[in-house]
Amino acid sequence: MSSEMLNEFDGMKSVHLEGEIPTTRGDEEIARSLEYGLEAAPSIKDRTISLFSRGELPHFAGINTFLKVPFLEDVRKVGEYDVAILGEPLDTGTTYRAGTRFGPQAIRRISALYTSYNFEMGVDLRESLKIADIGDVFVIPANIEKSFDQIALAVSHVFSSGAFPVLIGGDHSLGYPNVRGIAPHVDGNVGIIHLDRHIDIQETDMDERMHTTPWFHATNIPNAPPSNLVQVGIGGWQVPRAGVKVGRERKTNVISMSDVERLGIEKIAEIALELAWKNAKAVYLSFDIDSLDAGFVPGTGWPEPGGFTPREALKLVQLIAKEGLCAMEVVEVSPPYDVSDTTALIALRVIVDVLASLVYHDKLPRKG
Ligand SMILES: [Mn+2]
């Protein structure tokens, strides 16, 4: 093989692209580590290493915020950041096995093994974005309606500040209060792209609003119409008929896994974007981790075989993000059922791949 041919490979392009990314903020982080964490022992040759771990390294050390970004204790200052990571540890809406209240912690913990740089896209999140981890919403575990009020108000605070909300659940009941927190601030319709095996649009489940019901209530919000709700990956034996009936009545857009198989990820992304953005001003991404095949995501409440592979899911969210998003949620990671943090790791990948795609396509306004 000639070197010209090899240079056409994506791998070689990425290798060259890395040389164009600045290291400014990485260098600043090292300077801050040395200032706050003191100089290393004299025997350490690499003088960028500090005495107390204060930055990315070692990956097994330190306090696990999301990607080890700063924890913002004073949430009044969230508007100074481009992106706000917000945990929503609510699993009161779960109808089978619970545990998603530990989802935000698990995703933060496994995020310690990532750098802020993505090889394929040539994006270093640390260099491109100011990200803060603003901790978790104070949910009220004994009362889902009070939790919805807390979550909607918290999301409203973050969204109206101008920071891009990354909302980490928690179960899928969160879809409703999350959209309720955002929609009033959007001057026009909000489209929703919902990746899931489950349709999640019945009015109530066992007499209450649960994780099977978010889109019924979200699409009651005047500027979040069902015509802009696109549900991708739906199928299998866990789709309640009560929800299918509502989907039919409200005319939501339902795309099954067999449609995905037939048309391919690129075409599905194109269709989902077209439907979600039709006469809309903003699009919200709701990613249920159980949209992946059960074999990849043991740590979830309702695993179902036959869903996306990780490669398909990551490709799809990258393509969806290229037109821009107003916010995203990743839900249904249940760490007590997880194996080797696999489920939490895929959830993390979804988040960082969306952020990198938004940066790559210049869809996230940077505040400097
Ligand atoms: Mn689901």
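Predicted model: local features only at pLDDT ≥ 70, side-chain atom pairs only at ≥ 80, totals over all residues.
Residues are numbered from 1 along each chain as its sequence is written. Helices (H or I, at least four residues) and strands (E, at least two) are DSSP runs, numbered from the N terminus.

**Domains**

- The domain assignment of the chain gives domain 1 (1-58) and domain 2 (63-360); such bounds come from an automatic or database domain assignment.
- The centres of domain 1 and domain 2, taken over C-alpha atoms, are separated by 31 Å.

- Strand β1 (residues 83-88) is largely enclosed by the rest of the structure, because six of its six residues are buried.
- A residue is buried if 20 or more other C-beta atoms lie within 10 Å of its own, exposed if 12 or fewer, and partly exposed in between; C-beta atoms are placed from the backbone.
- In a regular strand the side chains alternate between the two faces of the sheet.
- In β1, V83, I85 and G87 point one way and A84, L86 and E88 the other way, and all are buried.
- β1 pairs in the parallel sense with strand β4 (residues 131-136) over four bridges; two strands pair if DSSP finds at least two bridges between them.
- Within that pairing, A84 stands opposite A132 in β4.
- β1 also pairs in the parallel sense with strand β5 (residues 164-169), over six bridges, and G87 stands opposite I168 in β5.

- Strand β10 (residues 327-331) is mostly covered, with five of its five residues buried.
- From β10, A327, E329 and V331 point one way and M328 and V330 the other way.
- β5 and β10 run parallel and are joined by three bridges; the bridge partner of L167 in β10 is E329.
- Strand β9 (residues 280-288) and β10 also run parallel, joined by five bridges, and F287 stands opposite V330 in β10.

**Nonpolar core and helices**

- In soluble globular proteins, nonpolar side chains tend to be buried together.
- A nonpolar core is a set of buried Ala, Val, Leu, Ile, Met, Phe, Trp, Tyr and Cys residues joined through C-beta atoms within 7 Å.
- The largest nonpolar core has 102 residues, and A84 and Y284 touch the most other members.
- The largest share of this core, 13 residues, comes from helix α13 (residues 342-360).
- α13 is mostly covered, as 16 of its 19 residues are buried.
- Leaving aside neighbours within four places in sequence, Y284 is in contact with V179, I182, V190, I192, L325, C326 and A327.
- A313, found in helix α12 (residues 310-321), counts as buried because it has 25 C-beta neighbours inside 10 Å.
- Not counting residues up to four places away in sequence, A313 touches S291, L292, F308 and V350.

- Most residues other than glycine have a negative phi, and most peptide bonds are trans.
- A cis peptide bond joins L57 and P58, with omega about -20 degrees; P58 is in the loop between α3 and β1.
- Another cis peptide bond joins G169 and G170, with omega about 20 degrees.
- D207 has a positive phi near 75 degrees and is exposed, with 6 other C-beta atoms within 10 Å.
- K251 has a positive phi of about 60 degrees and lies in the loop between α9 (241-250) and β8 (253-256).

Key. Contact = placed C-beta atoms within 7 Å.
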